Amino acid sequence: MDSNREKLASGRTVIVKVLAIESSCDETSAAVVCDAATPDGRILSNVIKSQIAIHAEFGGVVPEIAARNHMDVIDVVVEEALEKANETLKTVDLIAATAGPGLIGGLLVGMVTAKALALMNGKPFMAINHLEGHLLTPRLCYDVEFPYLLLLASGGHFLFAEIFGVGKYEVLGKTLDDAAGEAFDKVARMLGLAYPGGPSIQKIAKNGDSSRFDYTIPMQRRIGCDVSFSGIKTATKLHIATLKNICDQDRADVAASFQLTVITHITKKLRKAYQMTKSKPKNIVIAGGVAANEALREAVAKICEQENFNFSAPSLELCSDNAAMIGWAAIERMLAGFKPSKLDAKTRPRWPITEIDDSTESNIE
Ligand code: KG4
Ligand code: ZN
């Protein structure tokens, strides 16, 4: 049992309650999370106000509009999270916010709010990496033990990593171009489907023929587990161009063929990623918005069954962006002995997971 789990399982009552804020993309979220010994008692509230409807007409997130909307609702979202958790700014022990990576405007709104609340209420503050939030979520939900092999697939990121412990992350492979979610979003746009593209494609793919269009699985002979989605995207564009008067069945067939190709590509590389791990972990974890994809979950679950691995994926709500995962990352960091951040901690639009360790020790650029 790793030491964080030992602390959680030691039977003591809750000692840490964190108010967390997430505003790195198009969801304004605030949550209160505690270090209860079992997962079902940890999330005291998790309020998520999505801007999806606002950005839908643009087919993607418009950073300026996102920042303004975060600013408009952040106070209410924080208030609601505290109210639902039956807590106040006086009763929480720490205030955390996503410091990056993400869209700078939104990140600043969350960081400034969290820092101001921490300062005014004499509470410690912790700057959290958004990707660390995603990658520790399976522990929030299911107490998955370290080490594990992680597949993190979201709208802005795609990577395979070996997770040895809190702050001990080794990237095994990543995307050479688009993130998987980005590819789903762009193909959805080509098909005239609603943003975000992932759920739209998943929905219509259920009625589609996944063998109708030919695709080549990218980078099969390449050593390592990097992925690429741009060729699949271009092939999809060419397939769509062959269709005259595109109908719903055509769209469903394109969506199904595209989705299957992406998933086949990812699962082949997942096997390679496993070969590259040092610890040969028994646990395989998927996280990030794309981890909500049912076909991907099924495909990875099948590999795990074949290979006798334990498979974990967060509940659907906790796959996409939310503040509970940020609060949980703060708790994990505290239990692992990391100190709170300084109040002048920087907002970091780019922040690789391999550079997380130094974030809470001291203020860094
Ligand atoms: O993690 P997330 O909520 O935000 C980022 O940090 O990027 O991920 C959002 C991405 C979007 O690109 C969205 O299309 C994709 O996750 N997504 C999905 C599904 N649900 C969300 N992709 C495929 N299938 C889904 N069911
Ligand atoms: Zn995310």
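## Where ligand 1 sits

Ligand 1 sits in the largest pocket. Here a pocket is an open set of points on a 1 Å grid over the protein atoms alone, with protein on both sides within 12 Å along at least five of seven lines; sitting in it takes more than half of a molecule's atoms within 2 Å of its grid points. This is a predicted model, in which local features need pLDDT of at least 70, side-chain atom pairs count only at pLDDT 80 or more, and totals for chains, interfaces and linings use all residues. Residues are numbered from 1 along each chain as its sequence is written, ligands are numbered from 1 in the order in which they are written, and side-chain values leave out hydrogens and water.

Let's look at the shell. Ligand 1 has 20 residues around it (a heavy atom within 4 Å), and Gly 155, Asp 185, Gly 198, Gly 289 and Asn 293 come nearest. By class, 13 are polar (Gly among them), 5 nonpolar and 2 charged. Helices H5 (130–142), H6 (180–190) and H7 (197–205) each supply at least two shell residues, with the largest share, 4 residues, coming from H7. Domain 1 (3–136 + 318–363) and domain 2 (146–314) each give at least three.

Some polar contacts (N or O atom pairs within 3.5 Å) are listed here:

| Residue | Part of residue | Ligand 1 atom | Distance |
|---|---|---|---|
| His 134 | side chain | oxygen | 3.2 Å |
| Gly 198 | backbone | oxygen | 3.0 Å |
| Asn 293 | side chain | nitrogen | 2.9 Å |

Taken alone, ligand 1 exposes 550 Å², and the protein buries 89% of that (Shrake-Rupley method, 1.4 Å probe).

Terms used
Polar contact = N/O pair within 3.5 Å; in protein donor to acceptor, adjacent residues only side chain to side chain. 1 Å grid on protein atoms, 1.4 Å probe; cavity = no way out; pocket = protein on both sides within 12 Å on 5 of 7 lines; lining within 4 Å. Domains from an automatic or database assignment.
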